[in-house]
Amino acid sequence: MGLSFFIQSACLVSLLLVSVTLVHAQKRVFDVANYGARGDGRTDSSKAFIDAWNGACQNIGGGTVLFPKGIFMVAPVVLLGPCKGSMELRFQGNLLASKKPSVFLGIDHWITVQRVNGLMINGGGTLDGLGADGWGYNDCLKNSGGCKQLPATLRLDFVTHGHIDTITSLNSKNTHINLFACKDVLISNVKIIAPGDSPNTDGIHIGSSQNIYIVDTHISTGDDCVSVLPGSQYINVTGVHCGPGHGISIGSLGRNAGESVSDLYVKNCRFVGTQNGVRIKTWAVDAKPGTVSRVSFEHIEMDNVDNPIVIDQEYCPGGGCSKQESSKVQIRDVKFNDIRGSSATKEAVTLKCSQSVPCQDIELKDIDLKNGGPGGPAVSLSYNVRGRTYGIQNPPSSVKPPVASSTELEDYSSTELEDYNW
């Protein structure tokens with residue numbers, strides 16, 4: 001991951017903003033109220049939503065679907081493309097999801113947009129998933145064979161050149177924003193809010209997508225603030241507040257052969273009271289080969305975070321996994337730079353890599369994390385890691401340098417601690 005990628009990222013964000021703004025100027029407006037929607041908080045406005053979308057989608061040049069001020073009840077909808085121009089969803093009012101289990105159980109979405117080239121979602125309104133009506137049904141860890149799917153608030157599937165800006169996602173029943181097979185999407189100035197104990201309420205879920213930019217966004221939720229799933233590449237996360245939540249994560253990977261994530265860049269983010277900070281997680285049980293490469297976490301502030309820096313290649317959220325198996329996912333070229341603040345536990349840095357495919361080219365530079373909880377001074381633990389350390393190392397790093405000549409080793413500041421027996 002070089003400087004050219006970061007310059008390219010900044011240019012692409014600017015181009016996205018300019019192109020989306022120009023494309024959506026002077027759009028014909030399709031007000032859902034003209035199709036029968038009522039902002040009274042009681043009337044089902046789903047059909048009006050779909051009819052307004054279809055009208056705008058088939059209009060030459062596309063159009064704007066407007067939810068004016070008010071409270072609109074909306075059941076699960078799928079908004080289909082391709083359209084005859086770029087589309088805008090302007091949520092000025094608030095949308096409420098269904099409270100009825102017969103409507104939302106066993107379905108993966110509340111609002112889905114599919115196969116659209118050129119999409120703006122904005123307006124300053126709120127998508128209220130009414131998550132408390134669904135969280136009690138989330139029992140998949142205990143009932144993997146019989147649990148029922150719960151809806152993500154907003155799903156974008158096969159969307160290109162998109163921009164989600166200045167909306168609020170509140171109390172999703174599952175993931176708040178899910179991107180699948182998307183390309184060139186910017187998410188900016190978005191608020192994502194759910195209680196810290198709400199199950200599986202990931203903030204932004206990214207899978208099989210490229211050129212995704214998350215900027216100046218506040219995420220407080222019960223699971224990962226941002227989760228980057230297999231098939232994703234060129235993901236840029238900048239200026240995100242995360243907390244409560246489970247941090248910003250890659251994975252999990254290793255369930256299927258050939259899974260990969262590359263070119264993730266996380267910068268200038270703040271984590272407050274989260275379970276994890278920055279994390280990479282892969283399965284060891286029944287694991288398949290895969291790769292994680294070219295990843296950078298830099299200029300990160302940790303405030304009372306349980307596990308600020310984590311590589312976990314023994315990921316097993318349900319427990320009961322065998323310790324005899326080893327992950328087959330190769331992790332390489334990962335940089336942790338200028339990460340500072342406080343850990344809520346003694347283990348401020350935990351790099352638990354695979355015995356069969358050890359982590360390679362791991363770099364820690366200017367790490368300054370103090371233990372704000374019990375147990376004494378913070379520690380840095382590593383297992384099957386090869387890499388380099390530079391600058392401040394607080395706590396002292398146990399990362400081992402790669403095999404090199406004595407002359408090469410003199411050029412680096414590396415500290416070895418006794419191997420930790422996991």
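How do the residues of the lining of the largest pocket divide into nonpolar, polar and charged?

Author: In this predicted model, the lining of the largest pocket comprises 14 nonpolar, 17 polar and 14 charged residues. The space in that pocket amounts to about 1400 Å³. Its lining consists of 45 residues, and those closest to the centre are Asn 200, Asp 202, His 205, Asp 223 and Tyr 315. Several strands contribute to this lining: β11 (152–157), β14 (177–180), β17 (204–207), β23 (248–253), β25 (276–283) and β27 (307–315) each provide at least two of its residues.

The second largest pocket may be described in the same terms. Its space is about 220 Å³, and 15 residues line it. Nearest its centre lie Glu 314, Lys 323, Glu 325, Gln 355 and Tyr 383. By class, four of the lining residues are nonpolar, seven are polar and four are charged.

Charged side chains also pair with one another elsewhere in the description of this model. Over the whole structure, 16 salt bridges are found. Among them is a network that links Asp 108, Arg 155 and Asp 157.

Another salt bridge joins Arg 270 to Asp 303, with 3.3 Å between the closest N and O atoms. This pair connects distant parts of the chain, since Arg 270 belongs to strand β24 (residues 259–272) and Asp 303 to strand β26 (residues 290–305), 33 residues apart. Arg 270 is partly exposed, at 33% relative accessibility, and Asp 303 is likewise partly exposed, at 28%.

A further link between distant parts of the chain is formed by Asp 361 in strand β30 (residues 359–371) and Arg 332 in strand β28 (residues 329–343), which are 29 residues apart. Their side chains meet in a salt bridge with an N to O distance of 3.4 Å. Asp 361 has a relative accessibility of 46% and counts as partly exposed; Arg 332, at 35%, also counts as partly exposed.

Finally, Asp 40 forms a salt bridge with Arg 42, the closest N and O atoms being separated by 3.8 Å. Asp 40 is partly exposed, with a relative accessible area of 27%. Arg 42 is exposed, because its relative accessible area of 67% lies over the 50% cut-off.

Notes
Residues numbered from 1 in each chain as written. Predicted model: local features only at pLDDT ≥ 70, side-chain atom pairs only at ≥ 80, totals over all residues. Heavy atoms only, no water. 1 Å grid on protein atoms, 1.4 Å probe; cavity = no way out; pocket = protein on both sides within 12 Å on 5 of 7 lines; lining within 4 Å. Points joined across faces, edges and corners; volume = space filled by probe spheres on them. Helix = DSSP H or I, 4+ residues; strand = E, 2+ residues; numbered from the N terminus. Nonpolar A, V, L, I, M, F, W, Y, C, P; charged D, E, K, R; others polar. Salt bridge = Lys/Arg side-chain N within 4 Å of Asp/Glu carboxyl O. Buried < 20%, exposed > 50% of the residue type's maximum accessible area, 1.4 Å probe, protein only.
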